[in-house]
Amino acid sequence: MKTEHPRIPTCTYRLQFNRWFTFAQAREIVPYLRALGVSDVYASPYFQAGANSLHGYDITDHNKLNEAIGSQEQYDAWIAELHAHGIGQVLDFVPNHMGVAEPGNKWWMDVLENGPSSMYAPYFDVDWRPLKSDLRDKVLLPILTDQYGRVLERGELQVRFEEGAFYLAYQNQKLPIAPGTYRLILEMALENLAEYKDEEFYGEFQSILTALEYLPRRTETDPEKIAERAREKEIVKRRLERRCQEAPQVQRAIEKALAQINGRPGDPRSFDRLDELLNAQSYRLAFWRVAAEEINYRRFFDVNDLAAIRMELPEVFDAAHQLVVDLVRSGAVTGLRIDHPDGLYLPKEYLEALQRRCAKVLGISLPKDDRAVYMIAEKILSGAEKLRSDWPLHGTTGYDFANQVAGVFVDTSAEADMTRTFHRFIGHTMHFGHLVYAKKRLVMRLALANEVEVLGNMLDRLSEKNRWYRDFTFEALARAVRETIACFPVYRTYLAPGQTVSDEDRQVIERAIAAAKRRNPAIEESIFNFLRDILLFRFPENLDAQGREEHMQFVLRFQQFTGPIMAKGLEDTAFYIYNRLAALNEVGGEPQQFGLSVDAFHERNLDRHRNWPATLLATSTHDTKRSEDVRARMVAISEILELWRRSLQRWRTVNRRWKKDVNELEAPDANEEYLLYQTLLGTWPVGANGAPAENVGPEYIERIQAYMTKALNEAKLNTSWIQPNEEWLAATRDFVAKILEPSTKNKFLLTFLPVAQEIARLGAVNALAQALLKLTSPGVPDIYQGNEVWNYSLVDPDNRRPVDYKVRAEMLSCLSSKRPEDLLQNWPDGRIKMFLTQRALHFRNEHVELFRNGDYLPLRASGILADCCISFARRLNRHWAVVIVPRLSSRIGFPPVGDVWKDTAIELPENLALERGREIFTGRELLIQNRQIRVADALSILPFAMVTS
């Protein structure tokens, strides 16, 4: 397949690779994807990761394919099949962090074995000089399931010997023992060999001990000493292995020494030697729940098993990109998705370096816009924030579009009543801004405490060197840091050495500082001014080069930490509490904004058309809180507010008997119950006749129970991941099971099913409209695996369940024989969504330039139901297409087709004044009179239309 770079996809299709979905299986569905209209697959990370990884973001080797997903031959066969069908591949690449839970990560294992003397020590963001002196030159490893002493004396930590090397075994983990500390074991083994003093192997064994004495210490950082240690320790291991093979007595002596060292449960003193050995390692083992305040390596958010790497170092960049740029060179990969760029030290510089490297391996000149290959980034934009125009990207991964397109289906006029209903049900008011502020502070206190402590300490050292600010106490400075981060309105800023501060960054910092001052009137204002000036690169005039470097390091480190705190406080906490209309609680969402006007939706599309015409347009992803179809149903609650309000009171009354008292509180609480009812409406199964299922099976109940468990733990109110309240969680699981129990006595289902039916219909109309908007708006539409038909998945892992492609391929093959009327009549089977997707994509593939470069023209509706539709035109020269979809369809009726639209019409501009057009989904010709398309004509058969020349 010949590729011109950058290759801009027409439509991407996300595939989640893991041991249940392999390269071989991906190869089998290539013809199906091509028939659907997909131009490029969008692959999850498939480099070597943890053995049981279901997502691939815990990469252990950037330069090796994941063995669980398939062999090199199977990968090559998949790529060949893609190329045979003209399909490209956008690969999800993870530059910020690596999985460190398993021995497959050779870099991390080397760091644990050799500490600061590891040749890979600079690769990881480890603080070898932390505040706690006991951790000096060590890595804190929070992997234990209980307190260290308890784990030790239960005999769960065992030293083993294999192939000349010692390692610590704990559960499924294998941790290296530092070679210099082998002497603690081998000296005991030498005593066990006393009777063999005259044997040759005894002297050889003594020689190994002598070699260990001269091994450079694990704290050495001199390059020559590091190289010597790396070389000599392996020689020692080989000598030791050979000695054991040639003299079994040595092997037995070592095994006897290990039996003594490993201790005996019930005899605490027997573990003293093991304790001494472990204290001499380059790591300190700790209970996973208590590590937040002392962990001294940067992580991905608060995930202990994902250690951040220093991609800003050229040697790390080179080492991590060998395979991925080779795949770009060979044409196997034609585009890249960059995961979590906000975690990088200097995101823009990284993206520029990667584009340069891609241009180099492709043998092409770097274009003027620096975009050699198609590249998007997982950048979460907050509020009015814009993607940085100087980043060499084609756009984001599409969360911004997902929130905007969901918002346009919300009945914004219902905001006041919806808020009142929510507050009455939960029994108190809830201000979103105050909630986010409080939860970011909570995250800084519990999950990311050490990161903030480090920033406070760095700021304290800077103040000590300035006579104007040296009187500031450490606690005051640390609090100023915490408060400023808690008030940060975006994920991060992007200041870089040697560059002027952008207006965007200046506004963000000044806004955060002003909010922090307002919330903390008791804190000396000059402390915040000091922090503000540093964050804006306003350094004292008399600062020397070293001082400027220290100030710069603080700013760059600060920028890396604001993102994780925002993500954990907002996405992973507040979004599970502010449940007014939970469909708006999506990654990158602004749930305090109750929906989006049609005009505002057009403005966002026009901005994309002008600035990011190749950005991704997503509606479901592996990270969304719920699927596009669940969201489409849940936003419809805003249309039936009176029914929702009455139903809530009934449901609360009939279900109260199933609640349990836990510590003098009812479980689940009112807010959790409010979320549950929305979730049930969003996911409830519908039968072939369009009626909601009268009963649901155990699989559905277990899915809802699992979702509620995750939602409650993420909310961190009545339970949490760190401190699970099992009694509360059990009470909630029981509540779900009881209210969904198939019984004629179940009064809840009697009143729930009519509401579920109404929501299912409204949601189906919304979902079809949402799909067509995505497939025709400026940008590159993305389909998450399986979502070409109805998909009612919730947050991961629910959204990563296997997809039945055999069923989908059969559905697709039969579509051509189905009449549009029949598809609408049988809407619950999902064929209508697949039909819409295929027809729209085929039209898009036939008119690539129209959608890539054509104008975007918002169109105005007139008539009684003008507020109930969205329309725009795409135009390029004489070619044009007009898109028409319904919204707020409860005002129209189900299905919203034909004469129910009354006098509603779409007004066309003068330069689109034609007499007739063809509707692509039905093939019907439409008369266009007085520059108007009657919606009743365009939507006479289906509740969506695209009229074209």
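1. Leaving aside neighbours within four places in sequence, Gly682 touches Val630, Arg633, Met634 and Tyr792. This glycine belongs to helix α25, which covers residues 670–683. Gly682 is buried, because its relative accessible area of 0% falls under 20%. Its separation from one other residue may also be noted: Gly682 and Ala480 are 202 residues apart in sequence, and their C-alpha atoms are 42 Å apart in space. These values, like those in every point below, are computed from a predicted model.

2. The overall form of the chain deserves attention next. The protein contains 33 helices and 29 strands. Its C-alpha atoms fill a box of roughly 105 × 70 × 65 Å along the principal axes. A compact globule of 949 residues would have a radius of gyration near 30 Å, and the protein has 31 Å, so the two values agree.

3. How much of the protein is buried? Of its 949 residues, 61% count as buried. Among contacts between residues at least 6 apart in sequence, 74% join residues at least 24 apart.

4. Charge may be treated briefly. The protein has 121 positive and 130 negative side chains. The centres of these two sets lie 3 Å apart.

5. Aromatic rings form the next topic. A pair of aromatic rings is described by the distance of the centres and the angle of the planes. In this structure the count comes to 52 aromatic pairs. One of them is formed by Phe17 and Tyr46, whose ring centres are 5.8 Å apart. The planes of Phe17 and Tyr46 stand at 90 degrees, so this pair is edge-to-face. Phe17 is in the loop between β1 (12–15) and α1 (23–28), while Tyr46 is in the loop between β2 (40–43) and β3 (47–49); the pair therefore ties together parts that are 29 residues apart in sequence. Phe17 and Tyr46 are both buried.

6. A further edge-to-face pair is made by Phe921 and Phe944, with 5.0 Å from centre to centre and 90 degrees between the planes. Phe921 occupies the loop between β26 (916–919) and β27 (925–927), and Phe944 the loop between α33 (935–938) and β29 (945–948), so this pair ties together parts 23 residues apart in sequence. Phe921 counts as buried because its relative accessible area is 1%. Phe944 is buried as well, with a relative accessibility of 0%.

7. Ile527 is located in helix α20 (residues 525–535). With 5% relative accessibility, Ile527 counts as buried. Beyond neighbours within four places in sequence, Ile527 is in contact with Phe472, Ala476, Leu477 and Ala480. The C-alpha atoms of Ile527 and Met708 are separated by 43 Å, and these residues are 181 apart along the chain.

8. Asp326 and Leu477 are 151 residues apart in sequence and 47 Å apart in space, C-alpha to C-alpha. Asp326 sits in helix α12 (residues 322–330). Is Asp326 buried, exposed or partly exposed? Asp326 is partly exposed, because its relative accessible area of 34% lies between the limits of 20% and 50%.

9. Thr397 lies in the loop between β16 (395–396) and α14 (399–407). Its relative accessibility is 3%, so Thr397 counts as buried. Apart from neighbours within four places in sequence, Thr397 has contacts that include Tyr42, Arg337, Glu378 and Leu616.

10. The bond joining His5 and Pro6 is a cis peptide bond, with omega about -5 degrees. Pro6 is in the segment before β1. A cis bond also runs from Asp796 to Pro797, where omega is near 5 degrees. Pro797 belongs to the loop between β20 (780–784) and α29 (805–814).

11. Positive phi values occur at two residues considered here. Glu163 has a phi of about 50 degrees although it is not a glycine. Glu163 is in the loop between β8 (158–162) and β9 (165–170). This residue is exposed, since its relative accessible area of 62% is over 50%. His340, also a residue other than glycine, has a positive phi near 45 degrees. His340 is placed in the loop between β14 (335–338) and α13 (347–362), and its 8% relative accessibility makes it buried.

Notes:
Residues are numbered from 1 along each chain as its sequence is written. This is a predicted model: local features need pLDDT of at least 70, side-chain atom pairs count only at pLDDT 80 or more; totals for chains, interfaces and linings use all residues. Side-chain values use heavy atoms; hydrogens and water are left out. Helices (H or I, at least four residues) and strands (E, at least two) are DSSP runs, numbered from the N terminus. The radius of gyration is taken over C-alpha atoms; the globule rule is 2.2 Å times the number of residues to the power 0.38. Buried means under 20% relative accessible area, exposed over 50%, partly exposed in between (1.4 Å probe, protein chains only). Contact means heavy atoms within 4.5 Å. Lys and Arg count as positive and Asp and Glu as negative; His and the chain ends are not counted. The place of a charge is taken as NZ of Lys, CZ of Arg, CG of Asp or CD of Glu. Rings of Phe, Tyr and Trp (its six-membered ring) pair if their centres lie within 6.5 Å; planes under 30 degrees apart count as stacked, over 60 as edge-to-face and the rest as tilted.
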